[in-house]
Every structure is written in C-alpha cells, then in structure tokens.
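Subject: A structure for you to look at

Hi there,

Here is the structure I promised to pass on, with my notes below it. Please have a look at it first and then read on.

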Amino acid sequence: MYEPIRTKSVVHRMGAAPSDYPHSSRGEALDIQLAGHLAALLAVTDELGLDGAAAEIAVQVTRLRGSQPARARRRPAADAAALHRRAHDLAARALLVAASRADTTVAILAAERMDAHAAALKSADLAGAL
C-alpha cells in the first residue's frame with residue numbers, strides 16, 4: 001500500500017543553509033505575542049483615560065519590546081462599555097500568553113485589569129438598570 005518516496009523533493013529553499021533564515025524561539029515568539037496584546041490593551045486603556053493603569057502596561061510593553069510603545073491620545077469614549085469589554089478580552093489574552101511564558105508580573109497585571117474592567121462593566125450594568 002505504501003510506496004516510499006525515492007526522489008528528492010522539488011521544493012527548495014532560497015538559501016543554502018538553514019541559518020540563512022531568521023528563526024525565533026518559542027520564548028521570543030511568546031514575547032512578541034504578549035507585547036502585541038499588551039500594546040492593544042494599552043491603546044484601549046488610553047482611550048478610556050485610565051492613566052495609572054496605562055502607565056503600568058506601558059512599562060511592561062517597554063520591557064518586552066525594548067522601546068517605548070506608541071501612545072494614543074484620549075478621545076471622548078463613544079461607548080465606554082464596549083471599550084471595557086474589549087479591554088477585558090485583551091487582558092484575558094495577555095493573561096493566557098503570560099501564563100504560557102511564566103511571566104508572573106504580566107499575569108498579575110492582566111488579572112488586575114480583567115477585574116477592573118469586569119467591575120466597570122458590572123457598575124455600568126447596574127447604572128443602566130436604574
């Protein structure tokens with residue numbers, strides 16, 4: 001049933017040696033992914049005007065990327081509840097990657113942000129019910 005392949009592959013890489021291509025380790029890939037989630041969380045946090053939380057997130061993005069993140073100007077929030085939901089989701093993603101990477105500092109920060117945004121959503125729901 002099974003016939004082994006007897007010819008060489010026709011697929012060739014451009015470089016002669018595998019070292020010709022930049023490769024990143026799993027840890028480096030997780031760092032990049034975590035920095036991306038935190039940068040997105042920072043943008044939403046800036047948009048909500050939460051300066052203290054934004055400063056903490058910016059410190060971690062700087063640590064992971066090696067440079068300061070771009071910061072968004074605060075705009076009037078059209079739908080604060082939607083922004084809090086988005087921030088909660090981004091913090092959850094950051095928490096998952098931080099746990100994979102065993103980065104306790106970011107995991108704690110992400111969990112705190114999740115709690116803060118969940119509380120903001122709960123208070124918004126209570127205010128809307130009144």
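A word on terms before the details: contact means heavy atoms within 4.5 Å, and helices (H or I, at least four residues) and strands (E, at least two) are DSSP runs, numbered from the N terminus. This is a predicted model, so local features need pLDDT of at least 70 and side-chain atom pairs count only at pLDDT 80 or more, while totals for chains, interfaces and linings use all residues. Residues are numbered from 1 along each chain as its sequence is written, and side-chain values use heavy atoms, with hydrogens and water left out.

The overall picture

The protein chain has four helices and zero strands, giving the pattern α-α-α-α along the sequence. Of its 130 residues, 29% count as buried (under 20% relative accessible area, with exposed over 50% and partly exposed in between; 1.4 Å probe, protein chains only). The chain exposes about 8900 Å², and carbon and sulfur atoms supply 57% of that; the areas come from the Shrake-Rupley method with a 1.4 Å probe, and for residues only the protein chains shown count as cover. Among contacts between residues at least 6 apart in sequence, 67% join residues at least 24 apart.

The core

Which residues touch the most other members of the largest nonpolar core? They are L34, L38, L41, V44 and I57, in a core of 25 residues. The elements that give two or more residues to this core are α1 (26-48), α2 (51-65), α3 (80-101) and α4 (104-129), and α1 gives the most, with eight. A nonpolar core here is a set of buried Ala, Val, Leu, Ile, Met, Phe, Trp, Tyr and Cys residues joined through side-chain atoms within 4.5 Å. Not counting residues up to four places away in sequence, L38 touches I57, Q60, V61, L64, A94 and V106.

How α1 packs

The axes of α1 and α2 come within 9 Å and cross at roughly 155°, which makes α1 roughly antiparallel to α2. Axes are lines fitted to C-alpha atoms, for helices over the stretch in contact, and angles run from 0 to 180 degrees between N-to-C directions; under 35 degrees counts as roughly parallel, over 145 as roughly antiparallel, 65 to 115 as roughly perpendicular and the rest as oblique. The α1 side of this pairing includes D31, L34, L38, L41 and D46, and the α2 side includes A53, I57, V61 and R65. The crossing of α1 and α2 is left-handed (the near helix is turned anticlockwise from the far one by less than a right angle; clockwise would be right-handed).

With α3, α1 packs at an angle of about 160°, the axes being 9 Å apart. That makes α1 roughly antiparallel to α3, and this crossing is left-handed too.

Residues to look at

H37 lies in helix α1 and is buried, with a relative accessible area of 16%. Leaving out residues up to four places away in sequence, H37 touches L90, R93, A94 and V97. The C-alpha atoms of H37 and R93 are separated by 6.8 Å, although the two are 56 residues apart along the chain.

H117 in helix α4 counts as buried at 1% relative accessibility. Beyond its neighbours within four places in sequence, H117 is in contact with L48, L50, H84, A87 and H88.

Finally, A102 sits in the loop between α3 and α4. A102 is exposed, at 64% relative accessible area, and has a positive phi of about 60° although it is not a glycine.

Best wishes
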